[in-house]
Amino acid sequence: MSRRHIYLLIALIVISPVFGVYLANLVGYHEPLDIIAEELGLSEAEFNWTPLKDYMVPGLPEWLGYILTGIIGVSIMLLLEAIVRHFILRKNK
Amino acid sequence: MHIPDGFLDPYTAIATYIVSLAIVGYAIKKSSLLDEIVLARVITLSAFIFVAQMIAWPVPGGTSLHLVGGALAGILLGPWLGALAMAIVLIIQCLVFHDGGITALGANMLNMAIVSVFMGYVLYRTVVKLIHSNVKFVRFIAGLIAGWISLALAGTLAGLEIGIAGYILNRISYSLMISLPSMAMWHTILGVIEGSITGSILSYIGSKYPKVIEGER
């Protein structure tokens, strides 16, 4: 990934809490799926496997957790790229 | 559009897992021929779609939306690598951030990483061929239609899966009659915005780097 792409991603991650946290809390974020779930009386099963559920980090304010989880998500992808490049592409050469 | 745990019955969950894993598995097999440049493109697009999905806009009328990006991935990378890029996004969202249920990951991949990606790719190619390539805004128009219809279809399929699950689990006997038209209607409306964003991004990329759009080859 080029440096220019990384800078752009960082800029988007930094502004993301404005939409994903502030505006979402302001208007009560819900997608069409939530509307259908209400109509059908569906509720999400209560089990969890990650401390980063809903892009939040325990102990941190929502907006900071949102930024941090954005960075974590992109970092995992970059790590995946490095692993594939190291083990698979080198093997193919 | 990420279906959470508890919405699907075991049969639908298993069936969608099998279909999705078979197609994504085939995409991985095909991608074993990729080189470093293509790998970088797949990961870069995955990262941008992941971040774009975090930017949710409230919509007047009582709902919210974010870019799904399935059509965009299919058009830019081709259907197989596009499906792989979307699968990477969805698996990380599910496993790390609990965005979408682990029992519904197969269905979510089927809707957003397969149907949306393949339909977006096919529609884009069809529209570009139908409209003369010299026409101004051809990329925007083709991207608009591809993004719009692919999101509408993916949402409709999610509604079908939830409706079938309701029928199998005897939740509400008429659940399909609610979930299918509601999801189809909402995603057909919101698809206009998905299509507009897809078309705008393709217009920009096409003006700067026309050779990177796989849907035009």
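Among contacts in chain B between residues at least 6 apart in sequence, 77% link residues at least 24 apart; two residues are in contact if their C-beta atoms, placed from the backbone, lie within 7 Å. The model is predicted: local features need pLDDT of at least 70, side-chain atom pairs count only at pLDDT 80 or more, and totals for chains, interfaces and linings use all residues. Residues are numbered from 1 along each chain as its sequence is written, while chains are lettered from A and ligands numbered from 1 in the order in which they are written.

**Chain B**

Seven helices and two strands make up the secondary structure of chain B, in the sequence order α-α-β-β-α-α-α-α-α. Here helices (H or I, at least four residues) and strands (E, at least two) are DSSP runs, numbered from the N terminus. The radius of gyration of chain B is 17 Å, close to the 17 Å of the globule rule for 217 residues, so chain B is as compact as a globular protein of that length. The radius is taken over C-alpha atoms, and the globule rule is 2.2 Å times the number of residues to the power 0.38.

**Chain A**

Chain A has three helices and zero strands, and its pattern along the sequence is α-α-α. Its radius of gyration is 18 Å, well over the 12 Å given by the globule rule for 93 residues, so chain A is more spread out than a compact globule.

A residue is buried if 20 or more other C-beta atoms lie within 10 Å of its own, exposed if 12 or fewer, and partly exposed in between, with C-beta atoms placed from the backbone.

| Chain | C-alpha box along principal axes | Buried residues |
|---|---|---|
| Chain B | roughly 55 × 40 × 30 Å | 59% of 217 residues |

An unreviewed UniProt entry annotates "transmembrane region" at residues 7-24 and 63-84 of chain A. UniProt positions are given in the numbering used here, feature names are shortened, and annotations may be inferred rather than shown by experiment. In the model, residues 7-24 of chain A are 100% helix and 0% strand, with end C-alpha atoms 25 Å apart. Residues 63-84 of chain A are also 100% helix and 0% strand, and their end C-alpha atoms are 32 Å apart.

**Contact between the chains**

The contact takes 45 residues from chain A and 44 residues from chain B. On the side of chain B, at least two residues each come from α2 (36-54), β1 (57-59), β2 (63-65), α4 (79-97), α6 and α7 (175-208). The largest share, eleven residues, belongs to α2(B). This side of chain B has 27 nonpolar, 14 polar and three charged residues. Ala, Val, Leu, Ile, Met, Phe, Trp, Tyr, Cys and Pro count as nonpolar, Asp, Glu, Lys and Arg as charged, and the others, Gly among them, as polar.

**A helix pair in chain B**

The axes of α3(B) (residues 70-77) and α6(B) (residues 138-168) come within 8 Å and cross at roughly 130°. Axes are lines fitted to C-alpha atoms, for helices over the stretch in contact, and angles run from 0 to 180 degrees between N-to-C directions. The two helices are therefore oblique to each other; angles under 35 degrees count as roughly parallel, over 145 as roughly antiparallel, 65 to 115 as roughly perpendicular and the rest as oblique. Gly70(B), Ala71(B), Leu72(B) and Ile75(B) of α3(B) meet Gly143(B), Ala146(B), Gly147(B), Ser150(B) and Ala154(B) of α6(B). By class, these residues are five nonpolar, four polar and no charged.
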